[in-house]
Amino acid sequence: ALTRTLEDGKRTGKLDLTSLVLQTIPNQVFVVGAQITELTLSRNQLTQLPSQIGLCVRLRVLVVSWNSLTNLPHELCRLHALERFDASFNQLTDLTSCLSKCVALRELKVNDNKLVRISAELCKLSNLQHLHLQYNQLSALPPSLCEIGSLRTLELAGNPWLSPPIGIIYAGLSDIMNYLRSIHDPPQSVAAESSIFLPPVNANGHASTHSAVSSSSSSSPSHAVQSS
């Protein structure tokens, strides 16, 4: 049955290995990997994706939902044609920043995992339109996410959010992006300390033209404090 499926996949470019109780991906898949544009491995027993996944350079769709994946291989960065990646319903705790090199990505589904952080590198996915992060363990979105101007869908329910605050989370995409912009590129204070330079007065009561001191200087050394 697998041989027949592989033959069909080689012919059509679409390989569906759903619900085959796979614990590993058969090596035969990677023999035809360079010809596959869609690979579905949902509802199996996979705990990891092998590095050979990087051989499937023509992949536009990769679906590995409903498995037991705990991490993603860095070789995913070779999938420059990838437009849709579905890794929902797994055991992922972190997203490899390597995904930022999948520049054609339009949809990323990593909902229902155990994610605790999202890499700021995702802001490089300039074509991303749909991002599904619901039902993880996320408390903060990277402010740089506001740089993805193509984003149309951002699913965030079921996380213990602190930043943005939960009220903004439920206000919708526009409010979320505005909040992220406000902390990503905060406005410069217009109340910056100004320095007024006054010339010192000599013994004759005339201003000296040879030197000047700042009115804000003192005998003790100055210390810069950066606001956090």
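Is Arg60 buried, partly exposed or exposed, going by its relative accessibility? Arg60 comes out at 32%, which puts it in the partly exposed group. The cut-offs behind these words are simple: buried means under 20% relative accessible area, exposed means over 50%, and partly exposed is in between (1.4 Å probe, protein chains only).

A quick word on where the values come from: this is a predicted model, in which local features need pLDDT of at least 70 and side-chain atom pairs count only at pLDDT 80 or more, while totals for chains, interfaces and linings use all residues. Residues are numbered from 1 along each chain as its sequence is written, and side-chain values use heavy atoms, with hydrogens and water left out.

Back to Arg60, which has a partner. Arg60 forms a salt bridge with Glu38, and their closest N and O atoms are 3.9 Å apart. Arg60 sits in the loop between strand E2 (38–40) and strand E3 (61–63), while Glu38 belongs to strand E2, so the pair ties together parts that are 22 residues apart in sequence. Glu38 is partly exposed too, at 22% relative accessibility. A salt bridge here is a side-chain nitrogen of Lys or Arg within 4 Å of a carboxyl oxygen of Asp or Glu, and by this rule the count comes to 7. Helices (H or I, at least four residues) and strands (E, at least two) are DSSP runs, numbered from the N terminus.

Arg4 pairs with Asp8 at 4.0 Å between the closest N and O atoms, and Arg11 pairs with Asp8 at 3.4 Å. Arg11 and Asp8 are 3 residues apart, again about one helical turn. An α-helix has 3.6 residues a turn, so residues three or four places apart point the same way. Arg4 is exposed at 56%, and so is Arg11 at 63%, whereas Asp8 is partly exposed at 28%.

Helix H4 (residues 173–184) shows another side of the model. The 12 residues of H4 reach 16 Å from first C-alpha to last, close to the 16 Å expected at 1.5 Å a residue (that is, 1.5 Å times one less than the number of residues). Ile176, Met177, Tyr179 and Leu180 are buried in H4. Seen down the helix axis, the buried residues of H4 fall within an arc of 160 degrees, so they line one face; the arc is taken from the directions from the axis to the C-beta atoms. These buried residues pack against strand E7 (153–155) and helix H3 (166–169), with contact meaning heavy atoms within 4.5 Å.
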